[in-house]
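This briefing looks at aromatic packing and at a few side-chain contacts in the structure shown below.

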Amino acid sequence: MATGKCDISGWLVRPAGLGWWAGLVAVMAALTTHTVLVTSDGGMDNGIVVDAARTWLDGGSPYDDAHFLYFPSAVVAAAPQALLPRSVLDVLVPVAVVLALAGGWVCALLTHRVPLHSRLAVLGLFGLAAGFAPFAQLVRLGNWTVTAVLALPLCLLLASRGRWVAAGAVIGVAVALKPLLAPMALLFLFARRWGALALVVLVPAVSSVVAAFFLPDPTGFLTRTLPFLFTADDAFLRLYEAGPAAVLPRVGVPGPLAQALAVAAAAVGVGCAYRRWRGPGPEPLRLAETSAGLMLSAFLVSRPSYNHYLLVVLPLLLAGLPYAGSVTRRPGFWLALVPQLPGVTWPWLESGKRRAFRDAVSLCLLAGTVAYHAVRGAGGARGARDGEAAGWSGGRVACGHGGCRAAVK
């Protein structure tokens, strides 16, 4: 990965000193410890899934709780947690979530061939943990979105190394746990990887059908959860939904029109993602930005859609920063993160009832930036490809000045 000029890329891929790692460990340990002290059942959202599993083990239907929005396979997956004491869950789940988030970041770095001992490896995770509010929110909630945050970079890491079938299996398992990554089926369709696509569909379908036979209400997901998702008529969830279909009616836009606008925006996003897949640039960058475009398009139209969903795509995009053709080189990428800065007070938008408005700004601006880059960023992507051939292969970043030369083993 060579940028073709002496910019920050060479500095980012140099090895980080011990002090950098000490600071990162301190931040992650503080976040984990605080979560252990203030949450129960591993967080409110994890508690919903675990309570559903407890209900099942007691002979009831997990779908009696309208907020349980997962496939039957997730009930079985949560059963081991339901058998553990709550005091154990209070410690185990926050630690597991933090480790999974860190694992997703590692996979994103490896996808882009960025050294794990580099400054970007430290600063990227530090920035996500300390500078992006949804990171800490996801840890506190224990939301199973974390499975997608880990699975998507792992999938693209495998795909970038030609292991598409394994990549499809990873997405299939992730969808079985939480359907969030279902739009990734389009990536395998774009790539015409039919065996991998079959696994994306069959793994969650078969596991859910098998699990449903063990539930007292085998069709509960179809008869209760799907209608709830389509109507999304829940006063509590609606306060936190960041998608245009949920936010626009709150400012006076008719519901059907808001839904139509969201669907149109998602369709445009999918088209732009396909354009990015067919465009120039290194394969890891195309994989990451195409996947981000697909997922952000889904977040625009899905109900519900929350701010911590952005963590599914953000590590993948951020890890591509050393590439000259990366979307992270566009101001819109960084502006989209501004509403999520912790510690910044936004007048009239701080209450829980209005937080969704700034979440919607982040989602729409990031989706728009990724889509625009997919269409207009071909020149920069070519530069990244040409620069990579010139100097990055094997992990070397170099420029003509001795002070900006770094060789990373």
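Tyrosine 70 is buried, and tryptophan 144 is buried as well, where buried means under 20% relative accessible area, exposed over 50% and partly exposed in between, with a 1.4 Å probe and protein chains only. The model is predicted, so local features need pLDDT of at least 70 and side-chain atom pairs count only at pLDDT 80 or more, while totals for chains, interfaces and linings use all residues. Residues are numbered from 1 along each chain as its sequence is written, and side-chain values use heavy atoms, with hydrogens and water left out.

**Aromatic packing**
- Rings of Phe, Tyr and Trp (its six-membered ring) pair if their centres lie within 6.5 Å, and planes under 30 degrees apart count as stacked, over 60 as edge-to-face and the rest as tilted.
- By this rule there are 12 aromatic pairs, among them the tilted pair of phenylalanine 68 and tyrosine 70, with 5.4 Å centre to centre and 35° between the planes.
- Tyrosine 70 also forms an edge-to-face pair with tryptophan 144, at 5.9 Å centre to centre and 70° between the planes.
- Tyr63, Phe68, Tyr70, Phe71, Trp144 and Phe221 form one aromatic cluster.

**Serine 160**
- Serine 160 counts as buried because its relative accessibility is 8%.
- Leaving aside neighbours within four places in sequence, serine 160 is in contact (heavy atoms within 4.5 Å) with Thr111, Arg113, Glu283 and Leu287.
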